[in-house]
Amino acid sequence: LVTTAKDLFYKFGVKRVSIEEICKKANVSKMTFYKHFSSKVDLFHFIMTRIYEQSFVKYDAIVQSDVSFMEKLQEMIRLKEQYTDYLSKEMLSELIDSPHLQIKELIESQKAKNITGFMTVLKQAKEKHELRPDIRPEFVLYMLNHLMELSKDPQLLSLYDNAQDLALEITNFMFYGLGPINEK
């Protein structure tokens, strides 16, 4: 049930997928569905909570690792790609602007954890002289968040096959500029 719903949500978004469709594809009855979940939003919340918990363990390991700032950054980008690789534009749009309070709260909670971790990485990089000494970590975070807002722009999004490619382009532009990316 959970795996089927996740696949359908990732492909079509939550709005478009019905409980009937999930049950039919998972080969379970609606009664079984309602024994475990009160609604498809409740099921979606369950799925996203599990995904966020798994990703945060990996994210925190990157933050705590003893590697350079650029290596941490590259690992964070890879992790982001790994967890967003199969999201449709519809699904990503729903995650960004969910009308459901419990989904909004979950996303905001995850975002706050990510921001805390990223600020730690930026401050560590400053202490190790891996960033310009005069740059404020808060400015970097502000600019990255502001650039990510561009991923909501339909005109810009239409230039890419999917939202993940745009988010990756924005992230790479923020940290690497126009030069080539030197991955290890």
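This is a predicted model: local features need pLDDT of at least 70, side-chain atom pairs count only at pLDDT 80 or more; totals for chains, interfaces and linings use all residues.
View 1. Which residue does the side chain of E75 meet in a salt bridge? The partner is R78, with 2.4 Å from N to O. R78 is partly exposed as well, its relative accessible area being 30%. Both residues belong to helix α5, where they sit three residues apart, about one turn of the helix. As a general point, side chains of opposite charge can pair when their charged atoms come close.

View 2. D66 counts as exposed, because its relative accessibility of 70% is over the 50% cut-off. K128, at 40% relative accessibility, counts as partly exposed.

**View 3. Asp134 and Arg132.** This view shows another charged pair: D134 forms a salt bridge with R132, and their closest N and O atoms are 2.9 Å apart. Is D134 buried or exposed? With a relative accessible area of 56%, D134 is exposed. How many salt bridges are counted in the model? The count comes to four, and the D134 pair with R132 is one of them.

**View 4. A patch of positive charge.** Let us turn to the surface, where K11, R16, K24 and K25 gather in a patch of positive charge. K24 has its place in helix α2, which covers residues 19-26. At 71% relative accessibility, K24 counts as exposed.

**View 5. A patch of negative charge.** Which residues form the negative surface patch? They are E81, D85, D161, D165 and E169. One of them, D165, lies in helix α10. D165 is partly exposed, because its relative accessible area of 35% falls between the cut-offs of 20% for buried and 50% for exposed.

**View 6. The largest nonpolar core.** Now we look inside, at the largest nonpolar core, which has 54 residues. Which residues have the most contacts inside this core? They are F9, L43, F44, F69, L95, F118 and F175. Which element gives the largest share? That is α4, which supplies 10 residues of the core.

**View 7. Stepping back to the whole chain.** Read from the N terminus on, the elements run α-α-α-α-α-α-α-α-α-α. How far does the C-alpha trace span along its principal axes? The span is about 60 × 35 × 30 Å.

Key
Residues are numbered from 1 along each chain as its sequence is written. Side-chain values use heavy atoms; hydrogens and water are left out. Patches are made of residues with over 30% relative accessible area and no salt bridge: like charges are joined within 9 Å, nonpolar side chains (Val, Leu, Ile, Met, Phe, Trp, Tyr) within 5 Å. Accessible areas come from the Shrake-Rupley method with a 1.4 Å probe; for residues, only the protein chains shown count as cover. Lys and Arg count as positive and Asp and Glu as negative; His and the chain ends are not counted. The place of a charge is taken as NZ of Lys, CZ of Arg, CG of Asp or CD of Glu. Helices (H or I, at least four residues) and strands (E, at least two) are DSSP runs, numbered from the N terminus. Buried means under 20% relative accessible area, exposed over 50%, partly exposed in between (1.4 Å probe, protein chains only). A nonpolar core is a set of buried Ala, Val, Leu, Ile, Met, Phe, Trp, Tyr and Cys residues joined through side-chain atoms within 4.5 Å.
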